[in-house]
Amino acid sequence: MILWPWVFFGVVKGKHGIQMNNQLSDNVARHPHQVGAIVTFIGTINRLIATLLFGKAVVRLGQEMIARGSQPEVTVFGVSALLAFRHMTMVWGMRQWGQLVKGKGRLAVVALLLASLGALALIPSGTANLITPGQFNKTAELKGTELDFTSSDPQCTAWFAENQVTNDCDWQDYKNTSFTTCLGENQMLDVLDSGRANMLSAIGSRIENQTTSSFNQLGAEGGIRFLGSPKGVLPIGPDGIPAFDTLQAQANPFADSVVRGGIVSYNYTLRQQGLETMVNCSYDPTSTPILYEAVPDLNSTLLISTVGTCDAANGLEPVLKDVVQYMTLNTNNTLTFWGCKQPPSQGSPDPTYFIYLRGRVNYRTSIGNVTCRVSPLRARDFDVTYHSIPNYFTSQAALSGLEESSQRQTYSTFTDSMLVGFGNIIWEGQNWASNLFAEAVFSMGVKNLGVPSTEPSDTHLRLFEAMIQGVLEYEGTYSRLVYSLGLGNPPPETCLRTINGNVVYSVRGWYIDDVGAQAGLLMPMFLINLTSLCLLFACFIMGQFRYTYDFDATDSMALLTALVVNVRRGRDGTVEWHNKVHYEVDRARG
């Protein structure tokens with residue numbers, strides 16, 4: 001009774017909580033009231049046992065104290081005190097307060113009884129607090145790997161060049177999942193959703209008002225949900241993309257089916273490499289590199305050919321590899337695109353990219369000619385967190401000390417393929433009624449900002465910037481996926497970087513929430529049981545480790561046969577507490 005609570009306390013504390021098995025955890029979750037009743041019953045039984053042991057120790061002490069002298073006698077108050085401690089109840093009423101005050105040491109006996117009653121009253125709560133199962137958090141370190149787009153190792157850059165994302169769409173099977181190998185076509189809905197999420201973030205929409213984006217083409221069951229833009233991150237882990245999950249099994253609770261089966265909720269954060277770009281758009285009503293031509297050998301004006309020229313005199317060069325023209329629908333709401341690149345200038349390590357948008361007919365009024373200056377996609381570390389309760393990912397620039405982590409240069413031609421993919425989005429988003437990319441911007445302006453869609457405005461430029469940024473950053477995410485496919489040619493070790501993170505997961509079981517409070521609740525039970533042990537040890541010493549007398553001073557028969565000696569009763573004829581009581585004591589048989 002003394003040791004088991006502290007042993008259990010130490011084991012639970014030492015293991016930072018003990019997780020229940022899955023079946024027991026499910027039963028606890030389904031039947032909380034029954035669990036409370038069982039715990040209360042155990043606490044009550046624990047108190048009854050402690051009370052019984054304490055009472056037995058008091059009886060044993062009474063035997064030794066009464067039988068020690070030549071006359072086996074005790075005062076009337078002593079008998080009442082033995083009865084009080086034997087049955088752990090108050091035997092003195094308010095009328096007897098005067099005698100309690102007059103007698104030497106009597107108030108101390110009453111105080112000791114009250115303290116014992118208080119300690120016994122706390123035993124059920126201390127027991128219940130110790131053994132009641134609950135939900136608590138545990139943490140574990142996570143490690144994995146991912147592609148490093150900042151590697152300058154020649155073997156790695158050669159591998160990137162060999163596996164570069166092309167404009168040729170096809171399906172690739174990888175670890176029982178099919179992926180497209182380009183940045184357009186099947187990616188349309190995901191791309192537009194990423195741009196929309198980035199616009200919401202750009203206009204300062206509160207988090208609670210933002211909706212998540214579900215990226216179904218990334219391959220996870222039910223899609224990967226992000227709150228905001230994915231920022232070029234390819235999420236891994238148990239709720240990331242299964243085909244690319246590189247988390248190590250060591251210390252990973254998700255790798256243990258038993259542990260994972262008992263997890264109630266969890267959040268895990270991994271410091272992954274993301275991609276960022278800056279976009280700055282302006283209206284250019286007088287010039288554009290985009291030209292329209294009739295489609296050769298087609299006797300119809302329903303289609304037009306969009307081509308572009310990059311002005312070499314201004315240091316521009318083509319960037320759309322393998323793209324000669326975009327053949328698009330010729331409607332009242334047609335949006336066209338072209339892209340160019342300006343090589344790095346002296347003192348600048350990065351090229352500058354330009355996105356040109358041109359609207360026809362109705363879009364000529366609402367969009368006109370838009371030129372967007374785009375910085376190369378640069379790598380930055382992001383803390384990517386999965387929240388299991390709302391079931392989505394968030395990405396936030398990682399902090400290095402008190403500042404955000406710095407951007408790092410990616411390999412040279414990485415952004416080039418992003419612009420090819422962006423052109424495919426504009427081209428494939430065109431239908432007879434409108435262009436999906438343009439309408440996403442106009443819809444956001446009208447519904448969220450109250451800006452009419454029929455005329456140009458600075459607000460539309462800011463939305464175009466956010467939309468383009470969100471699209472390019474999603475393409476960075478999907479490019480990482482395509483590169484990770486490797487097309488049968490796995491990346492060299494120099495192309496990989498280590499991912500570190502942690503998981504905080506909630507399980508059901510036994511845990512110590514507050515060490516001081518729990519230890520304090522166990523102290524009354526400990527003191528009562530320790531007192532019982534000390535009383536028994538004192539009895540052994542007094543009786544010289546022999547059981548000499550076989551009687552109970554608080555037994556009703558012993559009390560009936562006991563006599564008040566020296567018959568000196570009080571003036572009013574009542575027995576006073578200082579009178580002696582004589583017991584007929586029999587020695588124990590055998």
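Predicted model: local features only at pLDDT ≥ 70, side-chain atom pairs only at ≥ 80, totals over all residues.
Entry 1. I searched the whole structure for disulfides and found three.

Entry 2. I took the link of cysteine 156 and cysteine 495, whose sulfur atoms lie 2.0 Å apart. I read 125 degrees about the S-S bond, a right-handed link. I noted a relative accessible area of 0% for cysteine 156, which is buried. Cysteine 495 is also buried, at 0%.

Entry 3. I turned to cysteine 281 and cysteine 372, a disulfide with its sulfur atoms 2.0 Å apart. The S-S torsion is about 105 degrees, so I logged this disulfide as right-handed. I placed cysteine 281 in strand S9 (residues 279–283) and cysteine 372 in strand S16 (residues 369–374); the pair therefore joins parts 91 residues apart in sequence. Both cysteine 281 and cysteine 372 are buried.

Entry 4. I checked cysteine 310 and cysteine 340, which form a disulfide with sulfur atoms 2.0 Å apart. Its torsion is about -90 degrees, so it is left-handed. Cysteine 310 lies in the loop between strand S11 (303–308) and strand S12 (317–318), and cysteine 340 lies in strand S14 (residues 333–342), so the linked parts are 30 residues apart in sequence. I found cysteine 310 buried because its relative accessible area, 16%, is under 20%. Cysteine 340 is buried at 1%.

Entry 5. I also looked up cysteine 534 and found it partly exposed, at 45% relative accessible area. Cysteine 539 is buried, at 0%.

Methods: Residues numbered from 1 in each chain as written. Heavy atoms only, no water. Disulfide = S-S within 2.5 Å. Buried < 20%, exposed > 50% of the residue type's maximum accessible area, 1.4 Å probe, protein only. Helix = DSSP H or I, 4+ residues; strand = E, 2+ residues; numbered from the N terminus.
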